[in-house]
Amino acid sequence: MAGSRLEKFGTVFTRIRDLMRSGVIQPAEKPIWYDIYKAFPPKRVPLHVKQHTRACTKKHQTVPEIFYREDEVRAKFYDQYGMGPRPLDLFKSNFVSTSQRFADKYSELKSQSGLDDSALFEETGKALLTENIVLKRRGASAVPAESRDPVLKLKLIDMLTEQQSVDAGSEETTEHTTT
């Protein structure tokens, strides 16, 4: 009780009285008010009484979830592009993440144009591409097979056959020189 500073565990008078009984406070060091309080105690003991509240009387209010338009754009960004091309750099105080740039550009384009959400989402990706921010869709390869140039495929086949013929010709010349 001596270390307690709360008045829940007795009054100041009872704590001083107990400290004097235990010898922590000498009778010469007792407070001035101690003798007066002992001679004229109050009619009602000043104890701390916790007020009881009935838990059932309070209505539980549910807090609605708060979603901003920017959060919906970010969620769609993370669904389509993942974390973006660069990791977050939290050491720089002025670092702006790719998702934040996307959300800013999205809101800027939304205020300027009257496009629907899906078209606006695509336009935002294109606008970031013009700012040298390359976004790769999740699960998509770098270049889809359908979009490859068929002429390029023919050129690669020609280069491969030419390389094989050169290799075959060099093997024949090495065989003639060794025999």
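In this predicted model, helices α3 and α5 pack at an angle of about 65°, and their axes are 12 Å apart. Axes here are lines fitted to C-alpha atoms, for helices over the stretch in contact, and angles run from 0 to 180 degrees between N-to-C directions. The angle makes α3 roughly perpendicular to α5; angles under 35 degrees count as roughly parallel, over 145 as roughly antiparallel, 65 to 115 as roughly perpendicular and the rest as oblique. The helices themselves are DSSP runs of H or I with at least four residues, strands are runs of E with at least two, and both are numbered from the N terminus.

α3 passes α5 in a right-handed crossing. A crossing is right-handed if the near helix is turned clockwise from the far one by less than a right angle, and left-handed if anticlockwise. On the α3 side the contact is made by Arg69, Val73, Lys76, Phe77, Gln80 and Tyr81, and on the α5 side by Asp117, Ser118, Phe121 and Glu122. Contact means heavy atoms within 4.5 Å. By class, the residues of this contact divide into 4 nonpolar, 2 polar and 4 charged. In this scheme Ala, Val, Leu, Ile, Met, Phe, Trp, Tyr, Cys and Pro count as nonpolar, Asp, Glu, Lys and Arg as charged, and the others, Gly among them, as polar.

Residues are numbered from 1 along each chain as its sequence is written. Local features of the predicted model need pLDDT of at least 70, side-chain atom pairs count only at pLDDT 80 or more, totals for chains, interfaces and linings use all residues, and side-chain values use heavy atoms, with hydrogens and water left out.

Helix α4 also packs against α3. The axes of α3 and α4 come within 9 Å and cross at roughly 120°, which makes α3 oblique to α4. This crossing is right-handed. α3 contributes Arg69, Glu70, Val73, Arg74, Phe77, Tyr78 and Tyr81, while α4 contributes Thr98, Ser99, Gln100, Phe102, Ala103, Tyr106 and Lys110. The contact of α3 with α4 holds 7 nonpolar, 3 polar and 4 charged residues.

The remaining pair is α4 with α5. Helix α4 (residues 98-112) and helix α5 (residues 117-130) pack at about 120° with their axes 9 Å apart, so α4 is oblique to α5. The crossing of α4 and α5 is right-handed. Arg101, Phe102, Lys105, Tyr106, Leu109 and Lys110 of α4 meet Asp117, Leu120, Phe121, Glu123, Thr124, Gly125, Ala127 and Leu128 of α5. This contact has 7 nonpolar, 2 polar and 5 charged residues.

Lys105 is found in helix α4 and is buried, with a relative accessible area of 14%. Buried means under 20% relative accessible area, exposed over 50%, and partly exposed in between (1.4 Å probe, protein chains only). Leaving aside its neighbours within four places in sequence, Lys105 is in contact with Thr124, Ala127, Leu128 and Glu131.

In soluble globular proteins, nonpolar side chains tend to be buried together. A nonpolar core here is a set of buried Ala, Val, Leu, Ile, Met, Phe, Trp, Tyr and Cys residues joined through side-chain atoms within 4.5 Å. The largest has 13 residues, of which Phe77, Tyr81, Phe102, Phe121 and Leu135 touch the most other members. α3 (69-81), α4 and α5 are the elements that give two or more residues to this core. Leaving aside neighbours within four places in sequence, Phe102 is in contact with Val73, Phe77, Tyr81, Phe121, Thr124, Gly125, Leu128 and Leu135. A second, separate core of 6 residues includes Phe13, Met20, Ile25 and Tyr34.

In helix α1 (residues 12-22), Phe13, Thr14, Arg15, Ile16, Leu19 and Met20 are buried, and what covers them includes α2 (33-39). Just after α1, Gly23 takes a positive phi of about 95°.

Gly139 is found in the loop between α5 and α6 (150-178) and counts as exposed at 90% relative accessibility. Gly139 and Tyr81 are 58 residues apart in sequence and 9.0 Å apart in space, C-alpha to C-alpha.

Taken as a whole, the chain has 6 helices and 0 strands. Of its 179 residues, 18% count as buried.
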